Amino acid sequence: MESASKFFEVEEIEGVTEIILGTADFVSRPIILLAQDDLIAYIDDKKPSRLVMNFKHVGHISSEFLNLMLRIHDHVVGQGGQLKLSHLNETVRMPFQITHLAGRLFDIYENTPQAIDAF
């Protein structure tokens, strides 16, 4: 497991890149902005073709974090990649559902193996 940032770790599983978010809450603007810089820089540098973002350590997100996820989606897809989300608890999943991003832009899976199988 590679630690690419204080906000996330990276694993490679069956040729799929998994970013495991490490911060319990993404609600504070300064934290979101710092994480955004690290995440976008990693994605632009590595250009993963198949990426799973694992939320198992994330308890809450803000609407600003949804904007970050839209930027991540644009970077991954803009480079010809695919993005899946996994391990979202109900509190984290709800904003994606309310904004109709779940299923439209973001495919959400219970766990990483299910997300990997969906590629």
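This is a predicted model: local features need pLDDT of at least 70, side-chain atom pairs count only at pLDDT 80 or more; totals for chains, interfaces and linings use all residues.

Here are my notes, in the order I looked things up.

Entry 1: I began with the strand order and found an open sheet of five strands, arranged 1-2-4-6-7 with mixed pairing. Strand 1 and strand 7 (107-109) stand at the edges, and each has a single partner strand, so one side of each lacks a neighbour in the sheet.

**Entry 2: strand 2 and its partners.** How do strand 1 and strand 2 pair, parallel or antiparallel? I found them antiparallel, over six bridges. In that pairing, I13 stands opposite V16 of strand 2. The two strands form a hairpin with two residues between them, and I noted that E14 in the turn has a positive phi of about 50°.

Turning to strand 4, I saw that it runs parallel to strand 2, with four bridges joining the two. I wrote down two of the residue pairs: E18 stands opposite V52, and I19 has M53 as its bridge partner.

**Entry 3: burial of strand 2.** How many residues of strand 2 are buried? I get six of the six, so the strand is largely enclosed by the rest of the structure. Both faces are covered. On one side I listed V16, E18 and I20, and on the other T17, I19 and L21, all of them buried. I made a note that E18 is included in that buried set.

Entry 4: Next I followed helix 2 (63-78). I found that helix 2 lies across strand 2, strand 4 and strand 6, and runs at about 145° to strand 6.

**Entry 5: the core.** Last, I looked up the largest nonpolar core, which has 31 residues. Those with the most contacts inside it are L21, M53, F55, I72, L85 and F96. The elements giving two or more residues to this core include strand 1 (8-13), strand 2 (16-21), strand 4 (50-54) and strand 6 (82-86). Helix 1 (29-46), helix 2 and helix 3 (90-98) are also among them.

Terms used:
Residues are numbered from 1 along each chain as its sequence is written. Side-chain values use heavy atoms; hydrogens and water are left out. A nonpolar core is a set of buried Ala, Val, Leu, Ile, Met, Phe, Trp, Tyr and Cys residues joined through side-chain atoms within 4.5 Å. Buried means under 20% relative accessible area, exposed over 50%, partly exposed in between (1.4 Å probe, protein chains only). Two strands pair if DSSP finds at least two bridges between them. Contact means heavy atoms within 4.5 Å. Axes are lines fitted to C-alpha atoms, for helices over the stretch in contact, and angles run from 0 to 180 degrees between N-to-C directions.
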